[in-house]
Amino acid sequence: MVTVSASAEFEPGVPMLTQGLVTGGGFVTALLLVSLPVAALLALVGVVAWTVAVRRHSPRYLDGGAGIVALSLVTAGLAGIEPPVLVLASGAAFVTYDLASTGLSLATQVGTRAETRQAEVARLGVTTIGAAVIAGMGYVAFTLASGSVSPAAVALIFGGVLLAELALR
Amino acid sequence: MTVTADRETLRWVGVGALAFAGLTAAVILDAPGPLLVSVFAVAAGGLAAASRPPEVDLAIERAVSEQSPGPDQRTTVTVTVTNEGRGPATDLRILDGVPPALTVETGSPRHATALRAGESASFQYVLATRVGLHPFGPTTVLARDATGTHEREYEQMASGATELNVAPTLDARTTVPLRTQQTPYAGARTTDSGGSGVEFHATRDYQHGDPMSRIDWKRVARTGELTTVSFRQERAGSVVLVVDTRADSHVGATDSAVARSLEAAATTAGSLLDSGDRVGVATFGPGSAWLAPGSGPAHRARLREAFATDSAFAAAPIEDEDFLPWLARRRLRRRLSGGTQLVVFSPLLDPFMVESIRRYEAHGYPVTVISPDPTGRETTGQTLEAVERSLRLSRLRGAGVRVVDWGDEPFETTLVGASRRWSR
C-alpha cells in the first residue's frame, strides 16, 4: 500500500460509505450463519474486527477479521449448514473483505476529504458480480462433490488449480 | 502518461492459505461443505494470478478560476479527467500536483473514481494564494485492475492551467529600516551628513555662502557670533532585495522559507518604494533574476511582474545541475553599483550564504539579513540544525551585519521589533 503524499489537506480515513458497507456486509454474513451459533458468533467477532479495521484504517484488524470469518465459514461448512446459505455467506464475506481492503487503500491514498463515492460504488458492483460468478462455480463444485464424485477428488482438482495459480505468479 | 511504478497490492495473498485449509478439511473429513468456502479463495487467487497491471489512457485538464489572483485570495481549481481508453477504468485514484507553497483551503486535490470509456469526472479544490510564481506539478494517477491486485502509478502533466501568477500589491504595510549608506538622490532617509533637511544635525561657524535661512539668529543676538545650523541630509537609499532561492532553502511542506522570503521581499519592496528609495530585486539561485534598482510607477509595475512571472521567483525548487553558487555570488557583485545596500532573505541553512554576505559587506555593500526560521525542535536532528543556524546568525551579527531572525510571527511584527532594537 502506498501513500501518495502527506500534506496539510490530507486526512487519512476510510470513506463513510465503505465503513457502512463493511459493517452491513459483515452483519449479513453473521446473520446467514445464525443457524449454527458457534459459526455465527465467530463471524460476529470477525465483523467487529473488520469494523475496527475500517474505523482505524488498520490492516492488522482487517487480516485478523478475515481469518476469523474464514474459520467461521469452514466451521459452518463442516457442520453441514445448508449449501445455498453457505454460498451466500461466503459471497457476502468475500465482497465485504474486498470493500474493506479497498477502503483501507483509499484511506491512505485519497483520505476522507476527497470525493470517492463513484469508486466505492464501482468496486461494490465489480466485486458483487465476481462473487456471483464464483458462487455459481462453487455451487457446481458442491453438487459434484455431494453427488457421484467424492469430495476429496473435487478438492484435489481445486488443489491442482491452486497450485497452478501459485506457479503462474 | 509516464508509468512511474508498478506494484502488487498483495491483498489476496492470504486466500491461498484459506483455500488450502478448506480443501484439506474437505479431503480429510470427506465433507463437501468446506469446498464451497475454499472455492471463493481459489477463484480469488486465480483472478489475481491472471490479472495484469491496467493500461489506462486519460486526458487530464486543469482550469483555474483566476490565472493571476492577488495575494491572500482564493482561487478554485477544477480538474477534469476523461477516460480516452477503449475499456473501463474500474479504479482510479487521482492526485493533482498542487503547487508546493500553496495550501488547499477547501475541497481536496485527491479524487477516486471509476470511468467507462469516454466518461469524464471532475473535482474541485480551493487554493489560498500567496506571492510568487506557483507552477502546478504533474498529476499522479493510481490505476488498479478490476481485481485490485495490480496498481500502476502514472504521472501526467495536465493541460490547461500550468501555473498561478500571484503578483504582490507592493503596498507599504511597514517601515523597513535601512543601513546608513545612501545614494546622492534626494529621498526620505536621514543621513549622518549635515546639510539641508528637517532633523537637526549640528552647528558650525558661518562660512561664506551659507544660506541666510540656516544662520542661527538667536545666537547672533545673544553672542554676536555667526553660526550656521546644519540638518541631517535626506537621501534615497538604493537597495537590492536578494532572495535565496537555492533548492536547500525550499524547506517546509506548505510554508517554505522561500515562499516566506518572497512575501517578505514584496512587503519590503513596497515599503521602500513608498519611502522614495530605489529598489531592485535579485534571486540567489538557479535561473537568477535581476532587476536593477529604480523607482516610480513603471518600476513598481516591473517589480510586480517579476515577482509573478519570472521563473526564478518560482515558489518551488528549480532543477538546475549547472547552477554554481560562487558564480552567482560573483555575478551579483558585478551588478551592484556603489552606494547600494542589500537586504538578503535567506533561511541561512548553510555556511555558503553566511560567507557570501560577509564578502558583500566587506566589499562595501551594507547588508541586512532577514532570515525566516524553518527549523523545528521536534527531533534531535532538527534541534541541532536550529543550533547551527543560530550560530550562523551570531557570526553575521559579529561581523556587523544586521540580522532579523524571523520566527512564526507576522513579518511586520518582527520588523517592528528589530527596528526598535536597532534604534536604541
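Visitor: How far apart do the C-alpha centres of domain 2 of chain B and domain 4 of chain B lie?

Guide: This is a predicted model. In chain B, domain 2 covers 58-166 and domain 4 covers 238-423. Between the C-alpha centres of these two domains the distance is 33 Å.

Visitor: Which strand gives the most to the side of domain 2 of chain B that touches domain 4 of chain B?

Guide: The contact joins 13 residues of domain 2 of chain B to 15 residues of domain 4 of chain B. On the domain 2 side, β8 (132-135) and β12 (163-166) of chain B each supply at least two residues. The strand that gives the most, with four residues, is β8(B).

Visitor: How do the residues of that side of domain 2 of chain B divide into nonpolar, polar and charged?

Guide: The side in question is the one of domain 2 of chain B that touches domain 4 of chain B, and 13 residues of domain 2 take part in the contact. They divide into seven nonpolar, five polar and one charged.

Visitor: Which are the edge strands of the open sheet in chain B?

Guide: The sheet has five strands in the order β1-β10-β9-β4-β6, with antiparallel pairing. Neighbouring strands are turned by 20 degrees against each other on average, direction ignored. An edge strand pairs on one side only, and here these are β1 (2-8) and β6 (110-115) of chain B.

Visitor: Which residue does Gly97(B) stand opposite?

Guide: Strand β4 of chain B spans residues 89-97, and strand β9 of chain B spans residues 137-144. The two run antiparallel and are joined by six bridges. In β9(B), the residue opposite Gly97(B) is Gly137(B).

Visitor: Turning to chain A, how many helices and strands does its secondary structure come to?

Guide: From the N terminus on, the elements of chain A run α-α-α-α-α-α. The count is therefore six helices and zero strands.

Visitor: How far apart are the end C-alpha atoms over residues 87-109 of chain A?

Guide: The unreviewed UniProt entry places "transmembrane region" features in chain A, including residues 61-81 and 87-109. Over residues 61-81 the chain is 86% helix, and the end C-alpha atoms are 27 Å apart. Over residues 87-109 the chain is 100% helix and 0% strand, with the end C-alpha atoms separated by 33 Å.

Visitor: What percentage of the residues in chain A is buried?

Guide: A residue counts as buried if 20 or more other C-beta atoms lie within 10 Å of its own. Of the 169 residues in chain A, the buried share is 51%.

Note on methods:
Residues numbered from 1 in each chain as written. Chains lettered and ligands numbered in written order. Predicted model: local features only at pLDDT ≥ 70, side-chain atom pairs only at ≥ 80, totals over all residues. UniProt positions renumbered as here; feature names shortened; annotations may be inferred. Domains from an automatic or database assignment. Contact = placed C-beta atoms within 7 Å. Nonpolar A, V, L, I, M, F, W, Y, C, P; charged D, E, K, R; others polar. Pairing = 2+ DSSP bridges. Axes fitted to C-alpha atoms, helices over the stretch in contact; angles between N-to-C directions. Buried ≥ 20, exposed ≤ 12 C-beta atoms within 10 Å, placed from the backbone.
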